[in-house]
Structures are given as C-alpha cells and as structure tokens.
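Visitor: I am new to reading protein structures, and I would like to go through this one slowly, one question at a time. Could you guide me?

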Amino acid sequence: YCDIDPVTQTIQEIDKVYWYQEREVYNHIAPIVETRLSKLGLIRPTMLVRPASSEIDDIASAKVGTAVVRNIYNKLGMQQEINTANAWSEVCGTVFYKEVWDPNAGQLVGYVCGEPVYEGDVVNIVIPAFECFPDSSYNDDLDKCKSFIHAYPMHVEDIEMIWGVRLEGRELDVFSMDMATIGLGGLGYNATIPRITTTTKKDQELVMEYYERPSKQYPEGRLIIVAGDELLYYGALPYRNGEDGKRDFPFVKQVCIERPGCFWGTTVIERCIPVQRAYNAVRNRKKEFLNRVAIGIFDCEEGAYDLEDLEDEGLPPGKILVRKQGAQPGKFLDGPQSVPAFSEEENRLLNEFILISGVSELSRASDAPADVGSGVALEILREQDDTRLSLTAENLRLAIQKVAKQWLRLYKQFAVGPRIAKVVGESNEVNVIYWQASDLTSDDVIFDTENELAQSSAQRKSMVITLLQMGVFNDPETGAISKSTRAKLLEMLQLGNWEHTTTLDELQIACAQRENAMLERGEAPVIEEFHDDDIHI
C-alpha cells in the first residue's frame with residue numbers, strides 16, 4: 001500500500017478509507033521470483049577463449065586464456081556474485097558488474113621500503129541500479145552512453161586509505177527496509193509488512209565517479225572522482241578494456257527483460273504488481289464480508305439500550321440486554337448473501353499471475369494443474385516455463401561473456417612478470433600453467449556449454465542412454481566400449497569418474513606440456529625411452 005508521489009518524488013503510503021478496512025498482503029510475487037532465481041542459479045557458464053588464428057602459438061595462447069578465465073572465475077567466487085546480481089536484476093530490472101584492477105590484491109611478491117608489494121589482480125563488484133546514472137535514460141545500451149556516473153557512499157577512513165585525502169564526513173541518508181504495522185488489519189488486527197524507510201550512516205561521504213568516453217577533445221577519455229568538496233582524481237580512463245585496446249567504461253550491464261528504447265530493464269515484478277494489488281483487494285473484501293456475516297449489524301431504537309456497553313463488549317453469548325421500558329426489542333439485520341463473484345475473481349487473478357509471469361504451478365508449487373494429467377503435456381508446460389525464462393538467462397550469459405573479456409584485457413594491460421594459474425584436469429589432476437601478459441593474444445570468449453535451461457540434466461542423461469543403446473559409443477573395430485569411453489560415459493551421467501581411467505596418449509600430452517613449461521623456465525627436461533616422440537613433437 002505504497003506508491004510514488006509524482007509531485008514530491010517520494011514514496012508515500014496510501015491511507016485507509018474506513019477504519020475497519022482489511023489491508024492484509026497475500027504475497028504471490030515472492031514465490032514467482034524465488035522460482036526464477038532458482039532456475040537462473042542453474043546457469044553455470046563454462047567459458048573458452050577462441051584462438052586469434054590457426055597458428056600453433058595462438059592456439060596455445062587461447063588455452064592459456066581459457067585457463068586464466070576459469071581460474072579467476074573460481075577465485076572471485078563468481079557463482080555467488082552472479083546470484084547476487086540476479087537478485088538485484090529480478091527486483092530492479094537492471095544490475096551492473098564493475099571490473100577494476102586492484103594493485104593490492106593477489107600474491108605478495110616482496111617489500112619496498114618496508115611496504116608490501118602485491119602482484120595485483122582483478123576485482124569484481126556488483127553494483128545495484130540505484131548507484132548508476134547514464135547520460136540519458138533513452139540510450140538502449142551502455143555502449144551508446146557518452147558519459148556515466150557511479151555514485152556511492154564510502155567511509156571517510158576508506159577514502160583516506162585509497163586517495164590519501166582526509167574528509168570530515170557527514171550523515172548520509174540511505175534506504176533500508178523496516179516493518180510497518182499501522183493500518184493493515186481491520187477490527188483490531190494488525191499485520192506486519194516491510195516498507196521502505198530512510199536511515200542514516202555516520203562518517204560517510206558521497207563518492208562520485210564520472211566516466212567520459214574518448215572523444216576528439218579527450219582522446220583517452222576522462223575519469224573525474226570527487227567526494228564532498230575535494231577532487232580525488234582527474235585524468236584519462238585508466239583501463240584499456242574496450243575493443244582493439246581502446247579505453248572504455250569498466251562496467252557491464254545486465255537486465256532482466258529488455259525495454260526497447262530505454263536504458264533500464266523491466267521486471268516480472270513490475271508486471272505482477274497490479275495483479276497483486278487486485279488480488280489483495282479481493283481477499284480483503286472477502287474477509288470484510290465474513291466479518292459482517294459473523295459479527296452482524298444490530299438494529300435498535302434510539303435510547304433503547306446502553307450504546308457504550310454494546311460498542312465496548314458487543315453481543316457475546318449469555319449477555320443480558322437491559323431494554324428501556326416501552327422500547328421495541330432490537331434485532332440483527334439480515335447479512336449479505338454469499339457472492340460467488342469473489343471466488344471467481346480470485347481464481348481469475350491467480351491464473352493471471354501465471355499468464356504474466358510465465359511461472360506455472362508446476363515450477364512454483366511443484367504441483368501439476370488439475371486439468372493436466374499427460375506426461376507429454378507436463379513436459380510441454382515445463383518447456384514453456386523455461387522458454388519465458390530463457391530471455392533473462394541469455395541476458396545473464398551475455399553479461400558474463402563481456403565480464404570475461406574485460407578480465408583478459410585487464411590482465412593484458414597490468415599483469416607484470418610470470419604468473420601461475422591452477423587448472424583441474426578431467427582426472428581431477430591439478431595442472432599448473434605459467435603465463436605472462438604477452439601470452440594473452442585473444443579475448444574472444446565463447447561458451448563451452450549451451451544454455452542450461454534449454455536442456456535439463458535429466459534430458460541430457462536420457463540422451464546419453466539413448467545413444468548408448470544405439471551403439472554410438474562402441475569401438476568400430478571391436479564393437480565393445482573401451483575403458484576410457486566407459487569412464488567418459490560415467491562423467492556424462494554425472495556419476496563421477498569411478499575408474500580414473502586415463503589413456504596413454506593423454507599422459508604423453510600432459511608430459512609434453514610439463515616439458516614445455518620447464519623449457520620456458522630454462523630447465524632441460526629428461527627424455528625417457530617410453531616417451532612417444534610424435535606426440536611430444
């Protein structure tokens with residue numbers, strides 16, 4: 001029961017019309033959002049880096065880039081970051097990833113004048129839409145914006161530690177959720193629902209970062225950072241994170257549902273709010289109807305009874321009414337008859353939730369509709385749910401793809417000296433890759449997996465079993481399944497690599513890669529008699 005006042009640009013509560021009105025909230029939006037978030041959580045993109053050319057050096061560098069991307073994905077805990085971003089996206093419609101280089105991150109490499117020196121690393125920050133301001137809300141995408149502002153509160157001690165400027169600090173107003181208990185229930189009953197309130201944070205200052213794209217006047221772009229009345233930074237854009245080594249914004253935008261001609265995305269919540277309000281009204285009117293029937297309305301002559309006593313206690317069972325002499329006895333008025341339109345409207349609104357959100361009872365309540373009993377029909381219904389969600393899922397995958405490209409460009413710009421990336425192989429073996437910034441010749445990131453919503457885990461397993469029964473995995477020479485293929489099948493069925501079977505060719509390739517790493521460090525590998533020279537070459 002809140003709305004935005006277009007005059008004052010503030011959030012205001014809608015007052016009751018009568019004191020007895022029921023104003024309970026029957027939240028059907030929450031399970032819709034939770035269902036969507038749980039399905040989006042199944043998306044775990046596995047990324048590959050395509051080589052810049054067919055040259056063997058570019059192919060090798062693409063393998064290094066793939067290892068670097070997967071290593072930083074796990075190092076940053078991106079799955080949890082993506083879940084947080086999805087929650088903001090589902091609620092607000094838009095969320096941003098900010099990819100920056102932190103010189104104080106990574107491994108410790110030494111000391112200079114007693115101060116520790118780190119190798120530096122990429123940092124990912126999830127930014128809600130409330131902190132971001134494009135130059136125009138009618139630009140479709142971030143690429144069309146000429147300037148962009150990121151404004152956020154920061155403690156004065158953190159500002160001094162990062163920029164070396166001491167500020168006084170002040171109390172900043174921030175939004176938070178509070179529980180409201182006024183004006184919800186009727187006839188003495190009060191419920192609690194969260195509402196938006198304004199709170200303050202002490203010793204804070206508003207940091208505003210102004211990013212401007214490269215132009216004829218500013219070929220390297222501009223970054224201006226201010227806090228309070230102090231200028232913290234003025235200079236060129238720090239990161240060459242754009243196409244072809246150009247400087248660009250360190251932001252990636254993710255939307256829930258795109259809105260053509262508008263910078264900000266929309267959400268399923270926004271579409272469901274009118275239905276939710278109509279549903280609340282129907283349910284509350286039904287409760288008021290039941291109150292009238294249960295409590296009743298007493299009709300009597302003026303002065304026939306003590307009205308204060310009747311208003312305070314009502315008419316409980318066994319109550320003795322003292323009537324004025326000569327007055328007519330009072331009576332209850334006939335209550336309204338049951339109106340079937342209430343139930344019909346309630347069911348219609350519930351179906352409208354499904355129509356607008358695309359989340360049916362099968363996904364939301366794990367219950368099949370009453371009129372659907374066929375297995376084929378249930379499968380079609382599940383696919384329809386995933387089809388509506390695939391738009392949001394594809395927006396998520398594209399955003400993560402852009403994030404991975406920025407990682408590679410930041411490493412190419414700032415990574416100094418040799419670095420180590422740990423990669424887990426197919427047989428759960430941990431391989432160590434030594435790499436340098438010069439090894440990253442390509443930032444063309446693609447996905448190794450299809451959209452996880454297109455095929456469920458059960459569907460993939462069923463397909464593997466069908467191909468197995470058709471003999472597709474059999475060795476053409478022997479007609480049987482080899483041990484290595486058997487191990488692969490167990491992995492595809494997500495049963496684990498029970499036998500840890502590794503072919504000799506794979507061992508020879510892993511040995512050759514270790515020898516190459518030794519040669520790069522200036523060490524001479526030992527050539528054994530059992531080495532396969534063709535594979536090593």
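This is a predicted model: local features need pLDDT of at least 70, side-chain atom pairs count only at pLDDT 80 or more; totals for chains, interfaces and linings use all residues.

Visitor: In which sense do strand β1 and strand β2 pair, parallel or antiparallel?

Guide: Strand β1 covers residues 2-5 and strand β2 covers residues 10-13, and four bridges link the two. Within this pair, Ile 4 stands opposite Ile 11 in β2. The sense of the pairing is antiparallel.

Visitor: Which residue in the hairpin of β1 and β2 takes a positive phi?

Guide: The place to look is the stretch between the strands, which has four residues in this hairpin.

Visitor: Is strand β12 largely enclosed by the rest of the structure or exposed, and how many of its residues are buried?

Guide: A residue counts as buried when its relative accessible area is under 20%. Strand β12 spans residues 222-227, six residues in total, and it is largely enclosed by the rest of the structure because the buried ones among them number five.

Visitor: Which residue takes a positive phi in the hairpin that β12 forms with β13?

Guide: Strand β13, residues 230-235, pairs with β12 in the antiparallel sense over five bridges, and Ala 227 stands opposite Glu 230 in β13. Two residues lie between these strands, and the one with a positive phi near 65 degrees is Gly 228.

Visitor: Which backbone oxygen does the side chain of Arg 419 reach at 2.5 Å?

Guide: Leaving aside neighbours within four places in sequence, the residues in contact with Arg 419 include Trp 101, Tyr 411 and Trp 435, as well as Glu 119 and Gly 120. Its side chain reaches the backbone oxygen of Gly 120 at 2.9 Å. At 2.5 Å, the side chain of Arg 419 reaches the backbone oxygen of Glu 119.

Visitor: How many disulfides does the model contain?

Guide: A disulfide is a covalent bond between the sulfur atoms of two cysteines. Cys 256 is buried at 0% relative accessibility, and Cys 262 is buried with a relative accessible area of 16%. For a disulfide to be counted, two cysteine sulfur atoms must lie within 2.5 Å. By this rule the count of disulfides is zero.

Visitor: Which residue just after helix α7 takes a positive phi?

Guide: Helix α7, residues 340-357, reaches 26 Å from its first C-alpha to its last, close to the 26 Å expected. Its buried residues include Leu 349, Phe 353 and Ile 356. Just after α7, the residue with a positive phi of about 75 degrees is Gly 358.

Technical notes
Residues are numbered from 1 along each chain as its sequence is written. Side-chain values use heavy atoms; hydrogens and water are left out. Buried means under 20% relative accessible area, exposed over 50%, partly exposed in between (1.4 Å probe, protein chains only). Two strands pair if DSSP finds at least two bridges between them. A polar contact is a pair of N or O atoms within 3.5 Å; within protein, one must be able to donate a hydrogen and the other to accept it, and residues adjacent in sequence count only if both atoms are side-chain atoms. Contact means heavy atoms within 4.5 Å. The expected span of a helix is 1.5 Å times one less than its number of residues.
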